[in-house]
Amino acid sequence: MFQWLKGKKKLEQLEVMSPITGKLLSLKAIPDPAFAQGHMGQGVGIEPTEGKVYAPFDGRVAHLMEKSKHAVIVEHESGAQVLIHVGVDTVALKGNGFTAHVQSGDSITAGQLLLEFDIQAIQAAGYSVVSPVIVPDGLDSVESVDTGQVELDSKVTANTGGIFTVHLR
């Protein structure tokens, strides 16, 4: 199943590029207690200024929320995964305002367009567009997540800089 992992050089850390253009926020600023309190994992929030989600590294789509298209989990060859969750409670939109450009199992390259979303439609429906980007808890390949290298409240542009570093086992 994971033949693409064989023969790969072991990394000590993985820099996760910004998958969304917007304003970088602390996890605590996400208007959802499960994310804000770190119950889902460690990472950051991004308040998007553009309705596009890009691959933060080379790897594969571990899981796309097929019906709602509001979230995607991408997996690096090291086994580290990143959840990119567009907005808060946006699963309730049942895919309205979202377009997926990938499917679960697809190979991806850094900078590849994964999802598009309509910021105005999400906000008009009463939902926040603040988007958690986290490393889910419980991954055997991950030792820790360092979110300290990028200044919070700064503008980040997709694919041009790292938003956090994942330290691997």
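# A tour of the sheet and its surroundings

Start with the sheet. Eight strands, in the order S9-S5-S6-S7-S11-S3-S2-S13, form an open sheet with antiparallel pairing. Strands here are DSSP runs of E with at least two residues, helices are runs of H or I with at least four, and both are numbered from the N terminus. Two strands count as paired if DSSP finds at least two bridges between them. Now colour the two edges: strand S9 (107-108) and strand S13 (155-156) each pair on one side only.

A word on what you are viewing. This is a predicted model, in which local features need pLDDT of at least 70 and side-chain atom pairs count only at pLDDT 80 or more, while totals for chains, interfaces and linings use all residues. Residues are numbered from 1 along each chain as its sequence is written, and side-chain values use heavy atoms, with hydrogens and water left out.

## Zoom out: the whole chain

The chain holds 2 helices and 14 strands. Its radius of gyration is 15 Å, close to the 15 Å that the globule rule gives for 169 residues, so the chain is as compact as a globular protein of that length. That radius is taken over C-alpha atoms, and the rule is 2.2 Å times the number of residues to the power 0.38. Along its principal axes, the C-alpha trace spans about 50 × 30 × 30 Å.

The accessible surface of the chain comes to about 8200 Å², and 48% of it belongs to carbon and sulfur atoms. Areas come from the Shrake-Rupley method with a 1.4 Å probe; for residues, only the protein chains shown count as cover. Of the 169 residues, 48% are buried. Buried means under 20% relative accessible area, exposed means over 50%, and partly exposed lies in between (1.4 Å probe, protein chains only).

Consider contacts, meaning heavy atoms within 4.5 Å. Among those with a separation of 6 or more, 73% join residues 24 or more positions apart.

## Stop 1: the S9 end of the sheet

Select S5 (residues 59-64) and S9. They run antiparallel, joined by 2 bridges. Glycine 59 stands opposite isoleucine 108. Arginine 60 stands opposite serine 107.

Valine 61 has valine 74 as its bridge partner in S6. As you check side chains, recall that in a regular strand they alternate between the two faces of the sheet.

Follow the chain from S5 into S6. The two strands form a hairpin with 6 residues between them. Is lysine 69 buried or partly exposed? It is partly exposed, with a relative accessible area of 25%.

## Stop 2

Move to lysine 94, in the loop between strand S7 (81-85) and S8. This residue also has a positive phi, of about 55 degrees, although it is not a glycine. Lysine 94 is exposed, at 67% relative accessible area.

## Stop 2

Select S10 (residues 113-117) together with S4 (residues 52-54). The two run antiparallel, with 3 bridges between them.

## Stop 3: valine 16

Select valine 16, in strand S1 (residues 13-17). Valine 16 counts as buried, at 0% relative accessibility. Show its neighbours, leaving aside those within four places in sequence. Valine 16 is in contact with Pro56, Phe57, Val82, Gly161, Gly162, Ile163, Phe164 and Val166. Then draw a distance to valine 133. That residue is 117 residues away along the chain, and the C-alpha atoms are separated by 9.7 Å.

## Stop 4: aspartate 146

Finish in strand S12 (residues 142-146), where aspartate 146 is found. Aspartate 146 is partly exposed, with a relative accessible area of 34%. Not counting residues up to four places away in sequence, aspartate 146 touches Phe164, Thr165 and His167. Aspartate 146 and threonine 49 are 97 residues apart in sequence and 24 Å apart in space, C-alpha to C-alpha.
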